[in-house]
Structure formats: C-alpha cells, structure tokens
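Let's take a walk through a protein model together. Keep the picture open beside you, and look for each part as we come to it.

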Amino acid sequence: MELSESKTIIVTGGAGYIGSHACKALANAGYLPVAYDNLSRGHDWAVKWGPLEKGDILDSDRLSELMKKYQPSAVMHFAALAYVGESVTNPLLYYHNNVVGTYTLLRTMLRHNINKFIFSSTCAVYGDPQELPLTESHRRSPVNPYGNTKAMVETMLEDLAAIEQISFISLRYFNAAGADTEGEIGESHEPETHLIPLVLEVASGKRPHIEIFGNDYDTPDGTCVRDYIHVTDLADAHIKSLEYILDNKGSEFFNLGTEYGYSVNEIIENAKHITNKEIDVKIKARRPGDPPALIADSSKIKKILNWKSKYSNINQILSSAWEWQKNN
Ligand code: UFG
C-alpha cells in the first residue's frame, strides 16, 4: 500500500451481521471503517468501530456526499437483501436493491475515482453443484433470484475490470455462522431463518422445536449438508482481500468455506452437546431451492491470500453463537 493512501474504508451494510464483524476487523488492522447502512435490516448498536452514516445504496446523491467527505481508498460492499425464499416471492425487490443498488454504488465510486471494491458474493452463484467440493471455476448457474442478483453483479465487475475501471475481489461465502468471540456483536436477523440461530433458540426455550427441511436427500443421513464458516474468519478474509487490491495485485473470485460439511442432523447433535439441552425436532418437507450439499474448495484463497480459518471448528462456531444468544 502507498503511504499516502487513505486508511478510510466505506463499508456498506456495516450495521449488518457480516459487515459489523468486518468493521471490527478493519479497526483492529488500523483502518477507519465508515458504516453506510439504511438500517432496514442492520442495527445501530452493531456499529462500534467508526462512524455510522445512514443512507441507501440506491441514493446516488447521498453516496456522492459520502465519497467526497471520506475519500476512501476502497469500498467493502455488504449491503444486500439475502433471504433466498423472499427473493423467490419478490424478485423485483432483489433486482432493485442488489443489482440496481450495486450499479448505483459502482457508478458513484467511479465518478469519484474510487476503484477498489470488495464484494460479498455467495456460493448460491453456483446453483446445484455438478461436483463437490466446489471450486471457483464451477459454472455460475444460480437457481434462485437471490443467487442471480449476485451473479449479475459479478458479471458487472468482470466487465469493469476488463477495461481497468475497477479492481475487485468477490468473496463467495458458504454458510456464515457464529459470533464475535469477544461477545461484542453477533447474529440478529428479523425474521431469523438460518439453521444455527434457530436451533439455539430451541435450546434456550424460545422455540418449541426445530423443523428439519427434508430427511430424504441423497446425503449420508438424508439431511442437507452445508459448509459453516465462522463470521470472524470471513471478516479476516476481507482484510487480506483489501491488502491484496490496495497492493494492485488484480481482481479475483474466492470461495470462503472451511471445506468441511455438516448435515442438519449433525448441527443439532453438536448443539445439544454444546448447550447441554434437549432439542426437539420435527421432520418437514424439503425447502424449495435447497441443494443437497454445498462444500467449498478454499484452496485458492489459502494459496493466494494466505488465509486460513481460525475459529471454524463447528464447536467453536456453535459455542460463540450460543454465548451471544444467551447474553443478548
Ligand atoms: N434448515 C432446516 N431448518 C430450518 C432452517 C434451515 O432444516 O429451520 C436447513 C436448510 O434446509 C439448509 C440448512 O439448514 O439445508 C442451512 O440453512 P440456512 O437457512 O441456515 O442457510 P442456507 O444454506 O439456506 O443459506 C445460506 C445463506 C444464503 C446463501 C446460501 C447459499 O444464508 O444467503 O447459504 O446456498 F444464499
């Protein structure tokens, strides 16, 4: 990084689950994270490591004001709608927010000569896997509107990078889970739809049972297998990505998973052990759009960015999430 480079980073969605953990990691690495968030799904209490600027990624005037005021050296873009089910029932909401919103953000950045971009992508860009583990070269073929919006932005980024208007890192997250190990922030979605927080809500008595969406998949125990990655490990990958693009090393796509798959049943069994509580289950029909198994090949990010997971043992993930849930 050049000495004159600004240490200020704009973090859209900085009040959200993954964005707030990235803000903490940025501050720990000596950057000033400026959280830009409309607070529609994020929380002002999660912004602790820099200023909160309220605003929407669809508002180009507000974005312009922000770029002028802070002159960031890069933008980390977390702000997005991210419920697969909601994207199926309301696709235009997703195309507007995730695609038009990101277009507006990119256009405003370029007008202000800001051209370093870190994008929150997803393994949902791959759709139903043709082979496992998934590598970055697997074809992009999403099976729901949410995945389509992320794939469209990736295409936009490739086209801009081809003419050197931008350099980007697109991080394809597998299943983000867990909470800050110092207990400062954690997951808080309304409504909550993710497996781990729901299982822990059953353990703490807030819900009567967990519904298992399908036990007749072609997997070892019949329930879906996912690659759960600790949110702090995800945040750390953002710092490494930032350093890579600030050093002008080019644009890349990286998978971010632990390369281990756990079934829904295994998550529930481990959660019983961690919480020391009974967890009642009800078997339900499959949830539309769920691939049987998603497991990352993360060798590319390990090799190029020297990233490795520190907290992503499933028991570390579950116990950090459990601590957060008990205390909040
Ligand atoms: N599941 C249940 N019961 C529940 C909730 C989930 O059985 O009450 C199952 C799901 O069917 C799935 C697994 O638990 O097999 C994990 O489900 P999550 O909802 O926790 O996570 P997803 O795998 O659906 O979604 C995550 C991200 C999305 C991203 C997707 C990519 O949250 O943003 O991975 O596949 F798009």
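The phi angle of Asn-276 is near 60°, a positive value in a residue other than glycine. Keep in mind throughout that this is a predicted model.

**Two cis peptide bonds**

Next, look at two prolines in loops. Pro-133 belongs to the loop between strand S5 (116-122) and helix H5 (145-162). The peptide bond that joins Leu-132 to Pro-133 is cis, and its omega is about -5°. For Pro-191, go to the loop between strand S7 (175-177) and H6. Here the bond from Glu-190 to Pro-191 is cis as well, with omega near 0°.

**The sheet**

How many strands does the open sheet have, and in what order do they come? There are seven, arranged S3-S2-S1-S4-S5-S6-S11, and their pairing is parallel. At the edges you will find strand S3 (52-54) and strand S11 (252-256), each of which pairs on one side only. From one strand to the next, the twist averages 20°. As a general point, the strands of a sheet pair through backbone hydrogen bonds, either parallel or antiparallel.

If you find Ile-10, you can trace across to Val-75, its bridge partner in S4.

**Around the ligand**

Now turn to the ligand. Which residues come nearest to it? Of the 22 residues around the ligand, the nearest are His-194, Leu-195, Glu-211, Arg-287 and Asp-290.

| Residue and its atom | Ligand atom | Distance |
|---|---|---|
| His-194, polar side-chain atom | oxygen | 2.8 Å |
| Glu-211, backbone N or O atom | nitrogen | 2.7 Å |
| Asp-290, polar side-chain atom | oxygen | 2.5 Å |

Two elements give two or more residues each to the shell around the ligand: helix H6 (195-203) and strand S8 (210-213). Of the elements, S8 gives the most, with four residues.

What kinds of residues make up this shell? By class, the shell has 14 nonpolar, four polar and four charged residues. The shell also draws on two domains, with at least three residues from each: domain 1 (3-176 + 228-256) and domain 2 (195-227 + 259-294 + 310-327).

Key:
Residues are numbered from 1 along each chain as its sequence is written. This is a predicted model: local features need pLDDT of at least 70, side-chain atom pairs count only at pLDDT 80 or more; totals for chains, interfaces and linings use all residues. Side-chain values use heavy atoms; hydrogens and water are left out. A residue is near a molecule or strand if one of its heavy atoms lies within 4 Å of it. A polar contact is a pair of N or O atoms within 3.5 Å; within protein, one must be able to donate a hydrogen and the other to accept it, and residues adjacent in sequence count only if both atoms are side-chain atoms. Ala, Val, Leu, Ile, Met, Phe, Trp, Tyr, Cys and Pro count as nonpolar, Asp, Glu, Lys and Arg as charged, and the others, Gly among them, as polar. Domain bounds come from an automatic or database domain assignment. Two strands pair if DSSP finds at least two bridges between them. Axes are lines fitted to C-alpha atoms, for helices over the stretch in contact, and angles run from 0 to 180 degrees between N-to-C directions.
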